[in-house]
Amino acid sequence: MKLDRRAFVKLIAGGVGGTLLSPLPWKMADDTAIWSQNWFWRPSPERGGASSVNTVCQLCSGGCGVRVRLIAEKRAVNIDGNPTHPINQGGICPLGAAGLQYLYGPSRIETPLQQTGKRGDLETMKAISWDEALEILAIKLRRMRQKAKGLVCVSGKREGTVPELFARFLHAYGSPNYNVMPAAADAESLGLFVSQGNSGALGYDLENAKMVVSFGSGYIEGWGSPNRMMMAFGGWRSNPKRDRTKIIQVETRGSLSASKADEWVAVAPGTEAALALGLAQVIVSEGRYDRTFVGQYTHGFDEFRRLLRQNYTPKEVAEITGVEKEKIVGLAREFAGTKPAVALSGWGQGRMQGSMYDFLAVQSLNALVGSLHKPGGATTTPQVPLAPWPKVVLDATSLTGENEPRLDGSKGPQFPLPVQLFHNLVKNVNEGNPYQAEMLWVYEANPAHDLADVQPFLEALDKIGTLVSFSSFMDETTQLADLVLPGPTYLERLEDAPTPPGLQYAVFGLSQPILSLQFETIHPGDVLIQLAKSLGGNVGASFPWSDYETALKERVKGLADSGRGQVADEPGLQPWKGGQGRQLAPNYDSFDDLWEKLIEHACWFDTSEAMPSWESAFTTPSRKFEFYSQKMRQVGIRGNDLTYLPHFKPVEPAGDPRDYPLLLMPYETMAITNGPVANPPFMTKTLFDFQLKGNDSFVEVNPKTAADMGLKEGDRVALQTERGKLNARVHLTGAARPDVVFIPTGLGHSGFDSYIKGKGVNANVILVAQQDQVTGLATWWGTRVKISKV
Amino acid sequence: MTGENKQQNSGLLGWLLFVVGFAGALFVGWVVFPQLLFSTKYQPINYNHAIHQEEAEMTCEDCHDFREDGSYAGKPKLEQCIECHEDPVGETEAEQFFISEYVEPGKEVPWISYTKQPDNVFFSHGAHVTLVEMECTECHRNVEKETTAPAVLINRLTGYPNEIMKMYVCEDCHARENISNSCDVCHK
């Protein structure tokens, strides 16, 4: 008996037959399919009960209240607007709604990092412990104390207790070089300083205005607090037709704001301020101004009137702006005849410093019609009554530091006005003038991508010994850092959100950690406190708190003690109703009660100090609104009469028109964020395919200009400016006027993660920032460009 | 032996082997394979459903409840157990173990689910129990008489328990009750 081939085949056949009649193959096939659904990398939803937590969005300075849906109190699954928050009234913008992509995105930094190789090489960035990281920084700071002034800090967040802690650290350490990223708020603050006497921010009572003339402001494209503006726009448009608010958009580009306005006044590039002065001239010459205000509460009106008559008659302004004379006269009459009417300034989203004189020109319109500190007009944003921290403890080094010239040159002989001039700082660092920058700290900012005219900044980095980033993300600046001290995102940390730009009443928002820390991050406020303690001496003594929360609470005690304002705890609050200085009955009875309610509702607001009376509003030498600024004289600005008056002073775009025949203007849109965080993938998806197609950016070109150059829709072109070259594709649109091409800013990241980087090109690389010679402010409204087909 | 016999023997042997293979495969497929495929796990506590229903007169919903928003909470949390079992109620060994191991240290009991649905299925208990008032036992085994917690058989390949409901069961019922069987009813 022998097992031959046939018998073996039969055994196998029997086995196969039996197997087929058993569940084995069928079950295996089914289970293998299920198994393939459970590979470890596929996402699995958190299971558990849902809850909602209120907090405040910190992705821009808009200060919106958000409500985050959490599963099992640990996994955030949705961000929506908080209906009880007076700023956004439950609304949410695309950036805020995409916030979870930052919290859970792969560009998060998980531990402190130290660059052990060449800057920018991610391979040689080594994860280190917090103890090591703080020790490395403390040692460096101890060593360079004699050169303390060489410590530079740039914050992207302009207001709030954490930026204040950074400024405080530099002050105690002995450096005068605390800086913020440039923005229109700089020109605004300067303009307020020279015309009204107080640096601060301007608030517009837009909800009550009957006519709004926007001089280049992207009022529904991210200007001010974006959701608040959307809500205000909704209000303007929901009024019954006969009573609806009229919107005029003065802008070169046919933007979304222009298309949604009642009228788009397409001025020649960069001439918005000239049109404002043209309107002022008509209002003055026809006697349509507010005689009470101008007569009793202004200074220098005669000089201003003379200037207007000499330089800004409708004929002259028509020549500058390209707007017909009749239109200028008609617009001026309508503006003066509509009560209340208000003029807005700050281009686009308000990212560009721009010109103080442009600001003054526009605000002089508000002054002329008495729309200052009045319902429906422009006012200064009231201060939040936070308690001050104890004074910074100074030693010999910090006293010397206080008196050192600032690296950005502000308050110095050339630019005596109090403003931060980051572009000038970059220039001075590159020149080593007047001294070396030793170390740069970057907080909530990404200058290596977001700074317009970024090239000089990148060069300046080579001259700075150490770059320290406090970012939560691997952004372009952090990639270049020598030391990274990652902070938690806004959803994981406690931090105040001050009154947003453009708001007419005071707001104190509070972000809170809605879930536990996702990574080994430490709150930058706590990092500073720990670092100060480790340095000891006067620096340590200047940071007496155990942690950031204690420091913040100390300030909030002032809020409670003031007995002012209310915690916003019900939907439908409309703080702008009720006129000037409306007193609110506080709905908290002690600090503990206030804090508890702030944690629950995340917002306090107050209207009692909104819109001060004309008697008390101005702190200029004349105690009046100054058309002719004495304050400028006081701080040491020397020049002719023109220097002290609002006037149109165009800064010529960089580049010889013979070599660069076209003008390139950057623009901002709601669908693309402009830092410090990069556009989240959710938002990038909302871009049209004439804004971003694949990885290609588009430049907007007028069809006529394109035809002259032989360009068609979608053609690939190279944009060449004095600063550099970028490739993009052509989008033909009537929104671009002939001879001007437009490119959006905010795209073209090379940092972050694979879902974010490589989308489009970064316009900041080829823009050239120009400097105003009186104020030192930087402007990059236009750069001359040459376009060639590639 | 003749050549013919050889052939006959070989043929017989062949068929015998066929039967051996066939039976062996059936045995492996029906008996060995299921034992290999499933691992046996025991609940951390030998929970007695019967005693809770009979003596304490509790209903399913007392422990397996719905949250305020209508979603189903699933397995009970320790705090629900503590409402009665902060101190021993009975004298069983299981209860003593439960109190010393979980109640006193305040540790959640890691109950093992008998019917965990895959993540790609959106199943709402609310829709089935609250809205159309189905009985728990229409889908789950009846635990009323269970005095011990049965072992949970976990599929080694998929990680799911063996009592998992297959898609055709859902579809059959939906078809019978005239409920849509379109993909996105369950796969969101």
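Author: The answers that follow concern a predicted model, and each sets a value against the definition behind it.

Reader: What makes a set of residues a nonpolar core, and which residues have the most contacts inside the largest one?

Author: Such a core consists of buried residues of the listed nonpolar kinds, joined through C-beta atoms within 7 Å. The largest has 241 residues, and A276(A), L279(A) and V741(A) have the most contacts inside it. Helix α10 of chain A, residues 272–285, gives the most to this core, with 10 residues. Apart from this core lies another, of 6 residues, including A7(A) and L11(A) together with L17(B) and F22(B).

Reader: With which residues is V741(A) in contact, leaving aside its neighbours within four places in sequence?

Author: With those neighbours left aside, the contacts of V741(A) are L662(A), L664(A), V699(A), E700(A), V701(A), A736(A), V785(A) and I787(A).

Reader: How do you know that chain B touches chain A?

Author: Two residues are in contact if their C-beta atoms lie within 7 Å, and 30 residues of chain B are in contact with 27 residues of chain A. On the chain B side, helix α1, residues 3–37, gives the most, with 18 residues. The residues of that side divide into 16 nonpolar, 11 polar and 3 charged.

Technical notes
Residues numbered from 1 in each chain as written. Chains lettered and ligands numbered in written order. Predicted model: local features only at pLDDT ≥ 70, side-chain atom pairs only at ≥ 80, totals over all residues. Buried ≥ 20, exposed ≤ 12 C-beta atoms within 10 Å, placed from the backbone. Helix = DSSP H or I, 4+ residues; strand = E, 2+ residues; numbered from the N terminus. Nonpolar A, V, L, I, M, F, W, Y, C, P; charged D, E, K, R; others polar.
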